[in-house]
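Take a look at the model, and then we can walk through it together.

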Amino acid sequence: MSLPIFPLFLLLSLICHPFLLVVGAQNGGVVVARQLWCVAKNNAEDAALQGALDWACGPGGADCSPIQQGGPCYDPNDVQMMASYAFNDYYLKHGLTDDSCSFSNNAAVTSLNPSHGSCKFPSSSSVKNGNISDSTTVETGTDSADLSGCSQLAHTWFWPLITIHFLFGITHTILK
C-alpha cells in the first residue's frame, strides 16, 4: 500500500519545489543565478569583430582599459578575445539582454567562463544595481572556475530531498 504513496510524494515535491523557490525569491529569498558572459562568435570575421570592438570601446561606452596595451587582456594577435572582453563589458552594463549581446550577430551569450591567465572576465552574477563588482573565483591550474553559486545550489536541493525521505518513512510506518 505504501508503494503508490512514495511516487505521489515525489511527484508533489517536484511540482511544488520550483514554485516554493519562486515564492521564496519574491519574498527576499536567495535565487541561484547562472553566470553568463557575452563573447565573440568563433565563426565571426576578424574585420567584423574589429568594427564591433571599435564601436563597443567608443560610442558603446565599454570599459576597454584591460584590452589596451599593458592591460591583462591585451593581445593584438587575438581580435576574438579582445572583442569578447569589450562585448562582455557592454553586455553587463546594458541590461544583460540578447540585444546587448548581438553586435550584428557576431556575439553570443555563453555559460562557459572565457577568463584565462590574468585576464578575468566579470560575469552576469557580478552585476549589482548596474555596477560590476568582483565575483568569487577559485583558481584551478591555468583555468578558473566560478564557484559562487555551488553551495547555494546544493542547499537548494538537499533539504527537499531529506524532507521527502522523512515523509516517506513516516507514511510507510503509519500505513503498516
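## A serine to start from

In which helix is Ser-84 found? Ser-84 is found in helix H3, where helices (H or I, at least four residues) and strands (E, at least two) are DSSP runs numbered from the N terminus. The model is predicted, so local features need pLDDT of at least 70 and side-chain atom pairs count only at pLDDT 80 or more, while totals for chains, interfaces and linings use all residues. Residues are numbered from 1 along each chain as its sequence is written, and side-chain values use heavy atoms, with hydrogens and water left out.

Ser-84 has 6% relative accessibility and so counts as buried (under 20% relative accessible area; exposed is over 50%, partly exposed in between, with a 1.4 Å probe and protein chains only). Leaving aside neighbours within four places in sequence, Ser-84 is in contact (heavy atoms within 4.5 Å) with Cys-38, Val-39, Ala-40 and Phe-121.

## The aromatic pairs

The structure holds five aromatic pairs (ring centres of Phe, Tyr and Trp, the last by its six-membered ring, within 6.5 Å; planes under 30 degrees apart are stacked, over 60 edge-to-face, the rest tilted). In one of them, the ring centres of Tyr-85 and Phe-121 lie 5.1 Å apart with planes at 70°, so this pair is edge-to-face. It links distant parts of the chain, 36 residues apart: Tyr-85 is in helix H3 (residues 79-93), and Phe-121 is in the loop between strand E2 (107-110) and strand E3 (127-128). Tyr-85 counts as buried at 8% relative accessibility, as does Phe-121 at 5%.

Tyr-90 and Phe-103 are also edge-to-face, because their ring centres are 5.4 Å apart and their planes at 70°. Both residues are buried, and Trp-55, Phe-87, Tyr-90 and Phe-103 form one aromatic cluster.
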